[in-house]
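Please look over the protein below.

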Amino acid sequence: MRFGDHFRFGLLVSGLLLVADQLSKYWVLNGLNLDEIRTVALLPFLNFTMVWNEGISMSLPVGDWLGRWGLVILTGLISLWLLNWLRTTERKFEALALAMIIGGAVGNIIDRLFYGAVVDFIHLHAGGYSFFVFNVADSAISVGAVLLLFDGLRDGRKGPKNASKTQEVDAE
């Protein structure tokens with residue numbers, strides 16, 4: 001692939017995830033009207049449950065100082081850093097992982113800008129265990145982060161420790 005192809009691929013994936021995320025949230029708020037009815041049972045292990053998440057991951061609260069605008073700025077800066085990484089990556093798998101994180105992050109930024117909180121609605125539960133309520137963007141961020149970790153741990157990849165050993169061998 002030519003330079004830039006992975007970047008374009010990543011932008012496409014990010015854009016598609018962003019659209020899917022925003023359409024699902026629009027449907028939950030306007031089509032399902034979940035903001036008023038609160039919960040719809042779909043399967044024995046899956047509900048759509050409306051939650052306005054004003055905090056960070058897993059609804060952990062943030063202080064008044066950080067709040068809505070602090071999270072928007074912080075998430076925006078991280079997204080720009082990841083976008084620059086995406087621009088320079090030479091591996092499609094890494095581009096996919098970065099694109100998933102970027103698309104999800106931007107989807108949640110849009111929620112914070114328009115609603116002051118993130119629209120979460122997917123609620124998995126089974127056998128008395130209840131997972132945190134999340135959304136399409138959160139899923140994309142989580143899967144993208146796991147893929148990025150997997151990519152970094154694959155055999156043959158040069159990490160910081162391996163890179164220094166390779167340089168020492170080359171110098172001999």
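Q: What pattern does the protein follow along the sequence?
A: This is a predicted model. The protein has six helices and four strands. Read along the sequence, these give the pattern α-α-β-β-α-α-β-β-α-α.

Q: What share of the contacts with a separation of 6 or more joins residues 24 or more positions apart?
A: A contact here means heavy atoms within 4.5 Å. Among contacts in the protein with a separation of 6 or more, the share from residues 24 or more positions apart is 66%.

Q: What percentage of the 172 residues is buried?
A: Buried means under 20% relative accessible area. Of the 172 residues in the protein, the buried share is 35%.

Q: How much of the accessible surface belongs to carbon and sulfur atoms?
A: The accessible surface of the protein totals about 10,700 Å². The part that belongs to carbon and sulfur atoms is 66%.

Q: Which element gives the most to the nonpolar patch?
A: The patch covers about 900 Å² and includes Trp 52, Trp 69 and Phe 114. Helix H3 (67-88) and helix H4 (92-115) are the elements that give two or more residues to it. With four residues, the top contributor is H3.

Q: Is Leu 113 buried, partly exposed or exposed?
A: Leu 113 sits in helix H4 and is one of the residues that make the nonpolar patch. Its relative accessibility is 37%.

Key:
Residues numbered from 1 in each chain as written. Predicted model: local features only at pLDDT ≥ 70, side-chain atom pairs only at ≥ 80, totals over all residues. Heavy atoms only, no water. Patch = residues over 30% accessible without salt bridge, like charges linked within 9 Å, V, L, I, M, F, W, Y side chains within 5 Å. Areas by Shrake-Rupley, 256 points an atom, 1.4 Å probe, with all protein chains shown as cover. Salt bridge = Lys/Arg side-chain N within 4 Å of Asp/Glu carboxyl O. Buried < 20%, exposed > 50% of the residue type's maximum accessible area, 1.4 Å probe, protein only.
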